[in-house]
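Here are my notes on this one. Have the model open while you read.

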Amino acid sequence: PRTDSFAGGDLQGIIDHIDHIAELGANCLYLTPIFQSPSNHKYDTTNYSKVDPHFGDEKLARKLVDECHARGIRVVLDAVFNHSGHMFFAFQDVVARGAESPYVDWFNIDSLPVKIQPRPNYETFSVDIWTMPKLRTDNPEVQEYLLGVAEHWTRELDIDGWRLDVADEVDPVFWRAFRKRVRAIKPDMLVLGEVHHDATAFLRGDQFDSVMNYLWRRACLDYFAHRKSGTSHFAHDLLLVRTRYKRSVTYALWNLLGSHDKERILTKCGGDVSREMLAVLFQFTYVGAPYIYYGDEIGMEGPNDPGCRASMIWDRTRWNVRLLEHYRALAALRRDKPALRRGDVMALMADGPRSPLVFARWDDQSCMIVALNNTDGPATVDMNVIRQGMARNIALKQRAGGRADLVFALAPGKVGVTCTGSLLNLPAMGGAVLEIN
């Protein structure tokens, strides 16, 4: 497909299938850009003040938000403020009037007149993508214009958050003003950035609440999909990611396995559904907010952009129903067990490259033990060893002697999860969640 290939998806289509999203257990819906643009990806904005006619109009966008709110689902929109589209009014004014344009300082232009061949003579998103001229977000006029855009849609659509595209390339002064202005309208507005590397500088309380957790994703892919790292190395990677940020931030991170910018998780797993299921079990029981890219829950595959952006498959005969039920069951478990959402975390077994990964999640009410076997053969967890590890932690010591009840089991093959005496037996690529009472 080209960037001007369209499949017909729109906001009404999301409304028509909103029950699928609700039944999946989602409580937040993030949409990539919905504002007017000539492309299918919509990251080259032409008009920030208009919902793209491909998708519908402002009235339909508000209806979608209302339908989501009625189901307890919050809505996050995409803010593309690092760059505009080539047909954006301000850039076109510079193209037409050159140095006489009042918008000439809105962009980093090397020389006039504006040229796109043999390469653009202005700064763009990425490298020489002429359709996306980079905005000078350090310019007060640009800042005020974009802040007005954010305020308008926050009020008019009653959205609950903004995901900030290419956030690390935008002036941080602007993001500080952005946070203040949208929070003045809605005090609990989520401000979340797209940052692919260490985002510590953005997460000090004056810019973002969270980021898309690509560092966590890389660690998971190396362990579950590529199987390049062993259990001890994976546990070390997780600890590094978790300790970069404040505790409050860690619990708000969007833990993603797939996204519109990356190869789909099942493709990364070489088509092995068992690997995806084990990774998802970890995703839903670990610290942070599980992020599902549409279609991953039914087994869609796809290489990097544009392959990962194929249309959602609505033909249910093509769905992997077992995978879908796996997602639904884990969402229900996470919703039912607050310790899996807000509890502390501690590794209890991760002492070798092929050993099971076992960790605890606990709060004042309950304690959950998660055990994962990321190998092609069966594995055994000695619960006495796990209880000894719990006893060494002040907060877990009093629970170490409690009864362990199996509340979730993953067994991709014919052999199931069993508990024999003090031994927890896990099949290949299997996992279990136990509650200690």
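1. Ground rules. Two strands count as paired if DSSP finds at least two bridges between them; helices (H or I, at least four residues) and strands (E, at least two) are DSSP runs, numbered from the N terminus. This is a predicted model, with pLDDT of at least 70 needed for local features and 80 or more for side-chain atom pairs, while totals for chains, interfaces and linings use all residues. Residues are numbered from 1 along each chain as its sequence is written, and side-chain values use heavy atoms, leaving out hydrogens and water.

2. Five strands make an open, parallel sheet, in the order 1-4-5-6-7. At its edges sit strand 1 (28–30) and strand 7 (210–211), each pairing on one side only. Strand 1 is joined to strand 4 (residues 74–79) by three bridges, and Y30 has V76 as its bridge partner in strand 4.

3. The helix pair. Helix 7 (residues 214–225) and helix 8 (residues 231–242) have axes that come within 10 Å and cross at roughly 175 degrees. Axes here are lines fitted to C-alpha atoms, for helices over the stretch in contact, with angles from 0 to 180 degrees between N-to-C directions. Helix 7 and helix 8 are therefore roughly antiparallel (over 145 degrees). Contact means heavy atoms within 4.5 Å; W216 and F224 of helix 7 and F234 and L238 of helix 8 are among the residues making it.

Technical notes. Angles under 35 degrees count as roughly parallel, over 145 as roughly antiparallel, 65 to 115 as roughly perpendicular and the rest as oblique.
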